[in-house]
Amino acid sequence: MLSTAYTYKDYNKTIKRGFVSDDNLKLWSMDKRPSFAKHGYLNWRTIEEWETATEKKKASTKKNRLERRGILNTMKRERGCEVCGMTLQDFMGKSRRTKENKAFMTDMFSRMIDFDHLNPKEKSFNVGDKLDRYKWDVILKEVDKCRTACKLCHDKHSGNQTRKVK
Ligand SMILES: [Zn+2]
């Protein structure tokens with residue numbers, strides 16, 4: 001069928017994002033802005049436009065995710081483990097390190113520290129899992145429900161609360 005023959009009712013039922021019509025247009029999404037009446041409007045693009053826009057979207061999502069992760073990692077490094085008190089300095093130890101090795105250890109330290117929900121009942125999601133999906137202020141609100149804990153402390157704590165010790 002031609003793109004014009006499809007309506008909002010087909011969206012996600014007979015056709016999905018990425019579907020190519022007989023007149024060679026590719027479906028982007030349904031636009032639900034109020035200006036498109038009450039039902040929404042199927043947003044078709046040429047294949048080339050579709051590919052370009054998809055690449056752009058992917059790149060911006062990735063950039064956004066990396067920025068957010070960077071901010072969260074800085075918080076982790078500043079706070080260290082709030083349970084056992086381990087700091088980045090403790091983790092680095094006293095040995096001399098090259099610049100590259102310092103950067104590596106700093107990254108490892110960020111990976112060692114988790115955001116651990118103080119009250120599991122208040123947990124809506126894992127902070128690190130939704131960097132692409134939720135608004136930044138929603139993520140920060142979730143961070144506020146957490147303390148920082150290194151993997152060992154986190155494991156011990158979660159083990160006490162919910163998980164059985166493996
Ligand atoms: Zn710890």
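With 19 C-beta neighbours inside 10 Å, Met112 counts as partly exposed; a residue is buried if 20 or more other C-beta atoms lie within 10 Å of its own, exposed if 12 or fewer, and partly exposed in between, with C-beta atoms placed from the backbone. This is a predicted model, in which local features need pLDDT of at least 70, side-chain atom pairs count only at pLDDT 80 or more, and totals for chains, interfaces and linings use all residues. Residues are numbered from 1 along each chain as its sequence is written. The chain has five helices and four strands; helices (H or I, at least four residues) and strands (E, at least two) are DSSP runs, numbered from the N terminus.

**Overall form**

- In sequence order, the secondary structure runs β-β-α-α-α-β-α-β-α.
- The chain is more spread out than a compact globule, because its radius of gyration is 23 Å, well over the 15 Å that the globule rule gives for 166 residues. The radius is taken over C-alpha atoms, and the rule is 2.2 Å times the number of residues to the power 0.38.
- The C-alpha trace spans about 70 × 40 × 35 Å along its principal axes.
- Buried residues make up 13% of the 166 residues of the chain.
- Of the contacts with a separation of 6 or more, 48% are between residues 24 or more positions apart. Two residues are in contact if their C-beta atoms, placed from the backbone, lie within 7 Å.

**Domains**

- The domain assignment gives domain 1 (2-45) and domain 2 (62-165); such bounds come from an automatic or database domain assignment.
- Between the C-alpha centres of domain 1 and domain 2 the distance is 41 Å.

**Nonpolar cores**

- The largest nonpolar core has six residues: Cys81, Phe109, Ile113, Ala149, Cys150 and Cys153. A nonpolar core is a set of buried Ala, Val, Leu, Ile, Met, Phe, Trp, Tyr and Cys residues joined through C-beta atoms within 7 Å.
- Apart from that core lies another of five residues, including Tyr11, Leu25, Leu27 and Leu42.
- Ile113, a member of the largest core, touches Lys76, Cys81, Thr148 and Cys150, not counting residues up to four places away in sequence.

**Helix α1 and the residue after it**

- Helix α1 (residues 47-79) has 33 residues and reaches 48 Å from its first C-alpha to its last, close to the 48 Å expected at 1.5 Å a residue. The expected span of a helix is 1.5 Å times one less than its number of residues.
- α1 is hardly covered, with one buried residue among its 33 residues.

**Helix α3**

- Helix α3 (residues 99-112) has 14 residues, and from first C-alpha to last it reaches 20 Å, close to the 20 Å expected at 1.5 Å a residue.
- Among the 14 residues of α3 one is buried, and the helix is hardly covered.
- Lys102 lies in α3 and is exposed, with 12 other C-beta atoms within 10 Å.
- Lys102 and Phe115 are 13 residues apart in sequence, and their C-alpha atoms are 23 Å apart in space.
- Met112 is also placed in helix α3. Leaving aside neighbours within four places in sequence, Met112 is in contact with Cys150 and Lys151.
- The C-alpha atoms of Met112 and Cys81 are separated by 9.0 Å, although these residues stand 31 residues apart along the chain.

**Strand β4 and Cys146**

- Cys146 lies in strand β4 (residues 146-150) and counts as partly exposed, with 19 C-beta neighbours inside 10 Å.
- Cys146 and Asp114, 32 residues apart along the chain, have C-alpha atoms separated by 9.0 Å.

**Asparagines with positive phi**

- Asn12 is in the segment before β1 (25-31), and its phi is near 65°, a positive value in a residue other than glycine.
- Asn12 is exposed, with 11 other C-beta atoms within 10 Å.
- Asn24 is placed in the segment before β1, and phi of Asn24 is near 65°, again positive in a residue other than glycine.
- Asn24 counts as exposed, with 11 C-beta neighbours inside 10 Å.
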